[in-house]
Amino acid sequence: MRGPSAAQVGALGRPWVLLLTYVLASVEFSCLFMQFSVLPYLSRRLGLDSVTFGYLQTTFGMLQLLGGPVFGRFADQRGARAAFTVSFLAASTLYLLLTAACSPALPGVALLFASRLPAVFIHMLPAAQMVVADLSAPEERPAALGRLGLCFGVGTIFGSLLGGTLSAACGIQCPPFVAFVANLLGAVLSFTCIPTSTKRASAHGQAAPAGGPQASVFDLKAISRLLLQPSVLPVFLVKVVSGFPSGLFMVMFSIISMDFFQLEAAQAGYLMSFFGVLLMVVQGLVVGRLSSRFSEAALLRASVLVFSVVGLAMAMMSDVSHFCLLMPGLVFSLCTLNVVTDSMLTKAVSASDTGTMLGLCAAVQPLTRTLGPTVGGLLYRAFGVSIFGYVQFAVNFLVLLVLWRQPLPRQTNKVQ
């Protein structure tokens, strides 16, 4: 396949734009996990109880859920440079407000809730996925998207470690301030080095239609029409339904690790680091190699099957050692489901709509974070940890039956 010229992807050229995209994604994920390492302690210091902290997390999830599809459409219409820059500037605002909330001289609780508001514009993952999808051939797309898992793994490990180290050495306000500076630097690099648009450099050389008035970024009808396409909706429903039970478990994991596994904070941190390493290996290396040997439909069925088996085993686990044995299967299913469905969905729409489609995909996780604390809390209180395993097994077994009876069609990028 003939590669795009350097003029099409900016002065850096295609390989360097992809590398910079991975680096910027790693920076943003690291800052995100630095925030996660500080937020519970800051909330406790400000006097927030568990219910109010849950409202804080739900606010963040709701804003990201609402902003994801609109941001994806913005990325399609305004280009990669604008998407990256807006995401980094919004993240800078969030971390600046979070730093201010650490000051005893300022109204900390109000600033803490205000810091959640920029989350509606913080969507580094779909922006990075759009660039990777636009600059990758269809057959290379699962492996290219999977490499973003390496970035997420780096952020999980490095961000959590750096957040704890900086807060212990320099105070709780240090990690959000470092994240603020890092995101300002990311905004500068995005504005100066990321190309204005990557659409003309996509695998099929497709471009957004020129001439005539452009639809509004907030055109929800256009977004819903894209989602309801026959080649899109079945894959999207599999993505949501199959991944939701494991999402419930992960949302409740901090409570489960304390109550059921009886882990201290440091031990829970080690377990999350193990999760991050597995994520890097599976999504960054394993999924890409498997995608070169097996079809996306076969990998999707494999991920749902492993989800079912792992769910049944989770229902019977009794301590943390059992969970460690199950974690590779859980990570494999999560990574394969996300990468394969993202790849299939971007191929099911025209190249000018990949950002919108990935924005819709990015809304799945905030949906889980929004509904998860309430649904997961009720299930955990009524039935215990085993219910998450049973639900995961039952849901994915039904999805697997549907996939065997009605196989998904082969996806290829549509010409607009």
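Buried means under 20% relative accessible area, exposed means over 50%, and partly exposed lies in between, with a 1.4 Å probe and protein chains only. The views below show a predicted model, in which local features need pLDDT of at least 70 and side-chain atom pairs count only at pLDDT 80 or more, while totals for chains, interfaces and linings use all residues. Residues are numbered from 1 along each chain as its sequence is written, and side-chain values use heavy atoms, with hydrogens and water left out.

**View 1. The protein chain as a whole.** The secondary structure of the protein chain comes to 17 helices and 0 strands, where helices (H or I, at least four residues) and strands (E, at least two) are DSSP runs numbered from the N terminus. Of the 416 residues in the protein chain, 52% are buried. The chain exposes about 18300 Å², of which carbon and sulfur atoms supply 70%; accessible areas come from the Shrake-Rupley method with a 1.4 Å probe, and for residues only the protein chains shown count as cover. Among contacts (heavy atoms within 4.5 Å) between residues at least 6 apart in sequence, 86% join residues at least 24 apart.

**View 2. Confidence along the chain.** The mean pLDDT of the protein chain is 82, and 89% of its residues reach 70 or more, pLDDT being the predictor's confidence in each residue, from 0 to 100. Over residues 1-7 the pLDDT stays under 50, and for this stretch the model has 6 contacts beyond four places in sequence. Residues 201-213 also have pLDDT below 50, and the model gives this stretch 29 contacts beyond near neighbours in sequence.

**View 3. The salt bridge between D342 and K239.** The structure holds 2 salt bridges, each defined as a side-chain nitrogen of Lys or Arg within 4 Å of a carboxyl oxygen of Asp or Glu. In one of them D342 pairs with K239, and the closest N and O atoms are 2.9 Å apart. This pair links distant parts of the chain, with D342 in helix α14 (residues 320-347) and K239 in helix α10 (residues 233-251), 103 residues apart. D342 counts as buried because its relative accessible area is 6%, and K239 is likewise buried because its value is 5%.

**View 4. The salt bridge between K347 and E296.** The side chains of K347 and E296 meet in a salt bridge with an N to O distance of 3.0 Å. Distant parts of the chain are linked here too, since K347 belongs to helix α14 and E296 to helix α13 (residues 296-314), 51 residues apart. With a relative accessible area of 7%, K347 is buried, and E296, at 14% relative accessibility, also counts as buried.

View 5. Q283 is found in helix α12 and counts as buried because its relative accessibility is 13%. Leaving aside neighbours within four places in sequence, Q283 is in contact with L145, G146, R147, L148, G149, C335 and V339. V286 also has its place in helix α12 (residues 265-291), but V286 counts as partly exposed because its relative accessibility is 31%. Together with V277, V281 and L285, V286 makes a nonpolar surface patch of about 290 Å². Patches are made of residues with over 30% relative accessible area and no salt bridge, with like charges joined within 9 Å and nonpolar side chains (Val, Leu, Ile, Met, Phe, Trp, Tyr) within 5 Å.

View 6. A search of the whole structure finds 0 disulfides, a disulfide being a pair of cysteine sulfur atoms within 2.5 Å. C174 is in no disulfide, and the nearest cysteine sulfur, that of C170, is 4.2 Å away. C174 counts as buried because its relative accessibility is 14%, and C361 counts as buried at 6%.

View 7. I387 is found in helix α17 (residues 386-405) and counts as buried, with 15% relative accessibility. The C-alpha atoms of I387 and P245 are 9.8 Å apart in space, although the two residues are 142 apart in sequence. D259 lies in helix α11 (residues 253-259) and is partly exposed because its relative accessible area is 44%. Between the C-alpha atoms of D259 and V385 the separation is 9.9 Å, and these residues are 126 apart along the chain.
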